[in-house]
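Reader: I am new to reading protein structures. Could you walk me through this one with me asking as we go?

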Amino acid sequence: MDERYWNRAFETMPRSDLESLQLSRINSALARAARSQHYRKRLPDRLENLEDVKTLPFTVKQDLRDGFPDGFLCVPLEDIVRLHSSSGTTGKATVVYHTRGDIDNWSELVARSMYMTGVRKGDVFQNMMGYGLFTGGLGLHYGSEKLGSLTIPASSGNSKRQIKLMQDFGTTAIHTTPSYALHLYTIFEEEGIDPRQDLKLKVAFLGAEPYTGETRKKIESLYGIRAFNSYGLSEMNGPGVAFECEEQNGMHLWEDSYLLEIIDPATGEVLEDGHEGELVLTTLQREGMPIIRYRTGDIATVYTGTCLCGRTHRRISRIKGRSDDMLIIKGVNIYPMQVEKVLMDIPEIGHNYLIEIENVEYLDTMKIKVEVVQEIFHGNIGELESLKRRIVEELKNEILIRPQVILVEPNSLPKSEGKASRVVDHREKSPRP
Ligand code: AMP
Ligand code: ZN
């Protein structure tokens, strides 16, 4: 019989054992971290209880920037075998150093994650995430090789070549951003290839940017596959931090490697499971560059209750957005994901949208450009008008303000091959008088 778990002992470890392991690992992590310039004098020698983690200081992105390049390094540079640098989407780049042991551990977590979705030796895995400083490419790559699947380092972009690779080598699993999966489908359409019929594709790992359950369903039905959510960030290695199991109900966060907390982003107070807040993560095993209580900026909930798959590691919800993503429009807090949730549930809507915020005569306005499917765009004008009214109404119900909606032709909005950027806030350039 096929073994259900890649690493049964760790994946199904009883909670009490897992927590003892975490306590001993956090103490080793503190000892290692104390060797770095940044953490020296900032941390206690050891903790008596896991609860005491709350007393440790947070680490924020700015600390990593200030410590650039080696303020967090804990081992001699000659013991480092790789570095990755963050995409720097929200400011100056940061760097993370890995020892050989760190790379091995990261690969183990990725292999475990991929195996959990049903991928096995014998599968053909096409990695369509960018190779390079970004962790999406190399991160999954080494884990997939460790698992034993045939790994195609396709990297991102070049859609026609991606399709050709899938056909030539019988790709069964892909890794990409949700926005690129939607974009790639339009190329399949242009080429007259039906991914449901003409490919061997079974699963996709989707991550690197927030997206909704509706978008997942849409991708699953367009490709005739199962899509699994994959969460990670460079500071915590990259992909392989949390991943969905076959239940597709939240992502198991690998608690033997990361300590998981959720805090109120405004007060820093630690919240109980079940409450929405900012994810705070600590590396428990990293040798080269331990990071303690890192404020990820990502908003999520920790699920209460156990998962049917038998794994004991707690699950986190889909990332609702980033704490710094939140838009305040006419005083209302809005996450771009709320808009996506509504849009992706309307079948007449195509694959892309763009939110534009402006300040006109002191008033914030929200304009949403939405691509509609070809038949509708060139169809009856009355139908277009009523679709627009419906979109506005449904958005109003979700986000509580009435946006201006502009329906545009398919493929007319800017596309992205990496992380999608869905919001243009013109207010930043012209501050309020
Ligand atoms: P980077 O360190 O540049 O790879 O960016 C990591 C960030 O990407 C995370 O902090 C999240 O904001 C975002 N991210 C990664 N995976 C996901 C996911 N599955 N869902 C939502 N956001 C994600
Ligand atoms: Zn599970």
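Author: Happy to! One definition to begin with: Ala, Val, Leu, Ile, Met, Phe, Trp, Tyr, Cys and Pro count as nonpolar, Asp, Glu, Lys and Arg as charged, and the others, Gly among them, as polar. Please keep in mind that this is a predicted model.

Reader: Thanks! By class, how many residues in the lining of the second largest pocket are charged?

Author: The second largest pocket has a lining of 29 residues. Of these, 10 are nonpolar and 8 are polar. The charged residues in that lining number 11.

Reader: Which strand or helix gives the most to the lining of the second largest pocket?

Author: Helix H2 (15–33) and strand E10 (258–263) each supply at least two residues of that lining. With 4 residues, the element that gives the most is E10.

Reader: Now to the metal. Which geometry does the site of the zinc ion (ligand 2) have?

Author: The protein donors are Cys245 (SG), His252 (NE2), Cys307 (SG) and Cys309 (SG), at 2.1 to 2.3 Å from the zinc ion. Four donors count as tetrahedral if all angles lie between 85 and 135 degrees. Here the angles among the 4 donor atoms run from 101 to 117 degrees, so the site is tetrahedral.

Reader: How many residues apart in sequence are the parts that histidine 252 and cysteine 309 tie together?

Author: The donor residues follow the spacing C-x6-H-x54-C-x1-C. Histidine 252 belongs to strand E9 (residues 251–253), while cysteine 309 sits in the loop between strand E12 (294–301) and strand E13 (315–316), so the pair ties together parts whose separation in sequence is 57 residues.

Reader: Are histidine 252 and cysteine 309 buried or exposed?

Author: Buried means under 20% relative accessible area. Histidine 252 and cysteine 309 are each buried.

Methods:
Residues numbered from 1 in each chain as written. Chains lettered and ligands numbered in written order. Predicted model: local features only at pLDDT ≥ 70, side-chain atom pairs only at ≥ 80, totals over all residues. Heavy atoms only, no water. Donors = N, O, S within 2.8 Å, 3.2 Å for Na, K, Ca; no water. Tetrahedral: all angles 85-135°; square planar, octahedral: opposite > 155°, others 65-115°. Buried < 20%, exposed > 50% of the residue type's maximum accessible area, 1.4 Å probe, protein only. 1 Å grid on protein atoms, 1.4 Å probe; cavity = no way out; pocket = protein on both sides within 12 Å on 5 of 7 lines; lining within 4 Å.
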